[in-house]
Number of protein chains: 2
Amino acid sequence: MQSAYGPLLDRLGLTYPQYLVLSSLGDQDDQTVGQLGTVLHLDSNTLTPLLKRIEAAGLVSRHRDPADERQVRVALTESGRNVIAQAADIPDQFAQSTGLSGAEIAQLRAALTTLRNHLRPRPERRNP
Amino acid sequence: MQSAYGPLLDRLGLTYPQYLVLSSLGDQDDQTVGQLGTVLHLDSNTLTPLLKRIEAAGLVSRHRDPADERQVRVALTESGRNVIAQAADIPDQFAQSTGLSGAEIAQLRAALTTLRNHLRPRPERRNP
DNA sequence: TGCGATTAAATCGTGTGCGATTAAATCGTG
DNA sequence: CACGATTTAATCGCACACGATTTAATCGCA
């Protein structure tokens, strides 16, 4: 993924995981670290340093949620929204660079999702 | 991959890439770092530290090839062969844990190989 | 109400991946 | 033969992944 996205992301100064975080915030702003982790299948031990880096780059802000100070909410800055706008064409360009059709990509994604769900089952609600 | 192989490899004290290296040496012993890199799609910047770790664990030995001292040949030790023997059933157990049929696994592997070949084309022989 | 259990992030340690550079050996050509 | 080009590993730096632990806030129940 990195080698396909790399040339596209280099001009934005982003890594692929950083791009995924910004993308997710573009879909829904002001998410908690935990929400981002659920969407991206990452944990705070990976996300916290990554978020600090894109915060240092001025793309997001991080604040404790006043209503529940255990949680940290991550929000896009103006600069972050600009970067997302510049990245708008990346998914299509990436799809091009794979040399696969849209249907093939969808099929591959579905197969990998199935595999991941088998290998890392969502933790079940506890039965009392 | 790591989370599927992890439980199986933990008892051997191996990571997944380390297992791949030993596996490849099981197929053909005494390979150079470059040969391992070609098979595993890794470079010396990744392989050298990994090889030093499994050398420190006593599983392989590393020696400069006397015929061409640029190359380093990696060979299994007796202990390394023992570990490979203990790992013989891992591929089947992994296939089980994916929840996929053999045909589905083959199809997924083929799709990923195609994708990788598009994204990281094998460097071509130079045309003079 | 108070105190143990739970939850959310952060932190720590280890092991890859990979771009870029370096050092040494070998090759190729004049 | 000599010397620059090439090849092979090693090294360096940075950014993930992820298991394990820690810290702080909140929850739940006696």
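Author: A residue is near a molecule or strand if one of its heavy atoms lies within 4 Å of it. The model is predicted, so local features need pLDDT of at least 70 and side-chain atom pairs count only at pLDDT 80 or more, while totals for chains, interfaces and linings use all residues. Residues are numbered from 1 along each chain as its sequence is written, chains are lettered from A and ligands numbered from 1 in the order in which they are written, and side-chain values use heavy atoms, leaving out hydrogens and water.

Reader: Which residues come nearest to DNA strand C?
Author: There are 25 residues around DNA strand C. They divide into six nonpolar, 10 polar and nine charged; Ala, Val, Leu, Ile, Met, Phe, Trp, Tyr, Cys and Pro count as nonpolar, Asp, Glu, Lys and Arg as charged, and the others, Gly among them, as polar. Those that come nearest are A:Asn45, A:Thr48, A:Lys52, B:Thr15 and B:Gln18.

Reader: Which side chain of chain B has a polar atom 2.6 Å from a base oxygen of DNA strand C?
Author: A polar contact is a pair of N or O atoms within 3.5 Å; within protein, one must be able to donate a hydrogen and the other to accept it, and residues adjacent in sequence count only if both atoms are side-chain atoms. B:Thr15 places a polar side-chain atom 2.6 Å from a phosphate oxygen, and an N or O atom in the side chain of B:Arg53 is 3.1 Å from a sugar or linking oxygen. The base oxygen is approached by B:Asn45.

Reader: In what order do the three strands of the chain B sheet lie?
Author: Two strands pair if DSSP finds at least two bridges between them, and strands (E) are DSSP runs of at least two residues, helices (H or I) of at least four, numbered from the N terminus. β2(B) and β3(B) pair in the antiparallel sense over six bridges, with B:Arg62 opposite B:Val74 in β3(B). The sheet is open and its order is β1-β3-β2.

Reader: Why is one side of β1 and of β2 of chain B left without a neighbour in the sheet?
Author: β1 (31–32) and β2 (60–65) of chain B each have a single partner strand.
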